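Please keep the sequence and the model at hand while reading.

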Amino acid sequence: KPRGYPPGPPRLPLLGFLPFLDSHLPHKQMWRLSDTYGPVVGLYFGTQPAVVVNGWEAVKEALQNDDLNGRPENVATVIQYGFQGGVMFSEGELWKEQRRFALHQFRNLGFGKKSHEAIVHDEVRELLKEIGSAKGSISLPGMLGVSAINILWAILGGNRFERSDGRLWDLVERLNIVFRAGEISGGIVQSFPFLRHVFPKSHSFNTVLDGLFQVDNFIKANYPKDFIDIYLNEMEKQKDDSSTTFTEKQLLATCTDIFNAGTETGSATLSFGILLLTLNPEVMRKVQAELDEVVGRSRMPSLEDRTKLAYSDATLSEVLRIRSAAPITVPHKATKDTTVQGCRIPADTMMLVNLYSVVMDPEYWQDPETFRPERFLNPDGTARKDERLIVFGKGRRACLGEALARMTSFVLFTTLLQNFDFSLDPAVPVPNTEGKSGFTLGPPEFRVFAKPRS
Ligand code: HEM
């Protein structure tokens with residue numbers, strides 16, 4: 001152990017803490033470790049040193065420390081593209097330049113803005129028809145995944161797919177498999193890449209890799225044109241610069257990152273939202289009463305209504321808090337020796353930042369397990385922002401799609417509730433409301449009846 005390395009549980013030779021890692025709800029287990037070892041816990045995943053950071057003060061400090069903005073090598077990305085590319089798993093100058101470019105172009109394309117609301121409305125209209133014509137109870141995650149992809153595609157490429165297109169449903173299903181099979185720690189293959197050749201068919205890493213290749217093929221076959229055109233122009237401009245980071249592989253890796261990052265998270269947020277409201281019907285009724293008063297039934301809710309829809313806004317904040325799709329950040333890495341809360345973090349250490357430990361802290365939120373939208377309302381009834389609702393991360397590595405995700409989920413969530421009363425199908429018992437871990441947190445199996453509102 002390096003001197004000053006944060007305290008942590010005992011480890012096995014070669015395997016470190018991996019055999020003890022709870023793959024069911026790792027964010028809860030990692031938080032519990034802080035009861036014994038303090039806010040920064042020193043672990044080993046295989047032979048890789050890894051620290052877990054818990055609690056507001058330590059999380060804030062860690063995410064604002066630019067020496068902790070690297071990413072550990074992601075074995076799947078390297079196998080897929082031959083280098084550590086894209087925007088999510090890259091680091092250093094390549095990441096800075098590519099993230100800046102992507103953010104700038106996404107803003108120009110209308111990410112999260114009024115101009116892209118029409119795209120969301122088009123998609124919601126089709127979704128409402130699909131839900132309205134369904135016989136019996138429905139499973140929402142797949143339907144919402146199709147909406148999430150279609151919205152991303154329409155913004156980046158100017159066109160959407162027909163919702164009946166089987167390829168789209170396959171892609172959503174594939175992403176779901178990838179995200180549930182993956183492990184936030186990277187698992188054993190991160191430490192010993194050759195292991196993926198042992199039991200090649202059954203190894204979860206190969207399930208992930210196979211799925212990622214299929215996502216990649218889908219994107220190649222259907223490249224979203226607007227963003228691609230802008231990117232290809234940039235490649236052309238920089239073609240004589242031998243050190244350019246604008247390459248075709250990088251373009252593909254970036255698009256794959258966006259679709260990977262935006263689909264499961266978007267669908268999970270809304271699925272959890274509807275599930276939680278079926279379990280808290282009085283909240284559903286309050287949201288619907290507010291929608292009836294502010295928007296009525298003859299038009300769809302829009303971003304402009306948001307300030308007047310304070311209770312609906314607060315409800316969505318509460319959904320994000322209590323069941324965030326990303327309870328732990330994408331793994332970070334120390335790019336040089338540094339410290340968090342006085343603990344030494346040597347260069348190349350992996351860092352997992354436990355956002356769950358901030359949004360569920362009982363000392364701050366008092367009754368964190370209670371679903372209570374009122375905690376996001378000011379005494380005068382307006383919606384309250386809370387800097388501790390850091391479900392999109394913080395600092396330079398924070399979520400690139402935050403504006404889009406917030407806007408899309410607000411319009412989808414409110415429109416669904418304006419049009420339907422949702423109730424759980426009792427024939428399909430909900431095993432738990434904690435969700436299913438993987439790379440991100442997904443909803444449990446559940447089915448709902450969607451009854452058009454009279
Ligand atoms: C409710 C939905 C979403 C949640 C809760 C969420 C949350 C997060 C979190 C916690 C991170 C990691 C921050 C870190 O490593 O410190 C992240 C990264 C990222 N997200 Fe999201 N996200 C959501 C939707 C989206 C969407 C719709 C997109 C697509 C545009 C997106 C694109 C990304 C990208 C590209 C990164 C990597 C950024 C980087 O490494 O520089 N996310 N997100």
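The sections below go from the whole chain to the sheet, the ligand shell and a few loop residues.

## Basis of the model

The structure is a predicted model, in which local features need pLDDT of at least 70 and side-chain atom pairs count only at pLDDT 80 or more, while totals for chains, interfaces and linings use all residues. Residues are numbered from 1 along each chain as its sequence is written.

## Overall architecture

The protein chain holds 16 helices and eight strands; helices (H or I, at least four residues) and strands (E, at least two) are DSSP runs, numbered from the N terminus. Along the principal axes, its C-alpha atoms fill a box of roughly 65 × 55 × 45 Å. The radius of gyration of the protein chain is 22 Å, which agrees with the value near 22 Å for a compact globule of 454 residues; this radius is taken over C-alpha atoms, and the globule rule is 2.2 Å times the number of residues to the power 0.38.

Of the 454 residues, 45% are buried, where buried means that 20 or more other C-beta atoms lie within 10 Å of the residue's own, exposed means 12 or fewer, and partly exposed is in between, with C-beta atoms placed from the backbone. Among contacts with a separation of 6 or more, 75% join residues 24 or more positions apart; two residues are in contact if their C-beta atoms, placed from the backbone, lie within 7 Å.

## The four-stranded sheet

Four strands form an open sheet in the order E1-E2-E6-E3, and the pairing is mixed; two strands pair if DSSP finds at least two bridges between them. Strand E1 (40–45) and strand E3 (332–333) stand at the edges with a single partner strand each, so one side of each has no neighbour in the sheet. Strands of a sheet pair through backbone hydrogen bonds, either parallel or antiparallel. E1 and E2 run antiparallel and are joined by six bridges, forming a hairpin with two residues between them, where Gly46 in the turn has a positive phi of about 65°. Strand E2 (residues 48–53) and strand E6 (residues 350–353) run parallel and are joined by four bridges. Val52 of E2 is the bridge partner of Val41, and Val52 is also paired with Leu352 in E6. Helix H1 (residues 26–37) packs on the sheet, touching E1, E2 and E6, and its direction makes about 120° with that of E1. Helix H2 (residues 56–63) likewise packs on the sheet and touches E1, E2 and E6, with its direction at about 130° to that of E6; these axes are lines fitted to C-alpha atoms, for helices over the stretch in contact, and angles run from 0 to 180 degrees between N-to-C directions.

E2 is mostly covered, with six of its six residues buried. In a regular strand the side chains alternate between the two faces of the sheet. In E2, Gln48, Ala50 and Val52 point one way and Pro49, Val51 and Val53 the other, all of them buried.

## The ligand shell

The ligand is surrounded by 26 residues, of which the closest are Ala261, Gly262, Gly393, Cys399 and Gly401; a residue is counted if its C-beta atom, placed from the backbone, lies within 6 Å of the molecule. Helix H11 (248–279) and helix H16 (402–419) each supply at least two residues of this shell, and H11 gives the most, with seven.

By class, the shell has 15 nonpolar, eight polar and three charged residues. Here Ala, Val, Leu, Ile, Met, Phe, Trp, Tyr, Cys and Pro count as nonpolar, Asp, Glu, Lys and Arg as charged, and the others, Gly among them, as polar.

## Residues outside the sheet

Ile138 lies in the loop between helix H5 (117–133) and helix H6 (140–157), and counts as partly exposed because it has 16 C-beta neighbours inside 10 Å. Not counting residues up to four places away in sequence, Ile138 touches Ile131, Met143, Arg447, Val448 and Ala450.

Leu14, in the segment before H1, has a positive phi near 65° although it is not glycine, and with 12 C-beta neighbours inside 10 Å it counts as exposed. Gln341, located in the loop between strand E4 (338–340) and strand E5 (343–345), is another non-glycine residue with a positive phi, near 50°; Gln341 is partly exposed, with 15 other C-beta atoms within 10 Å.
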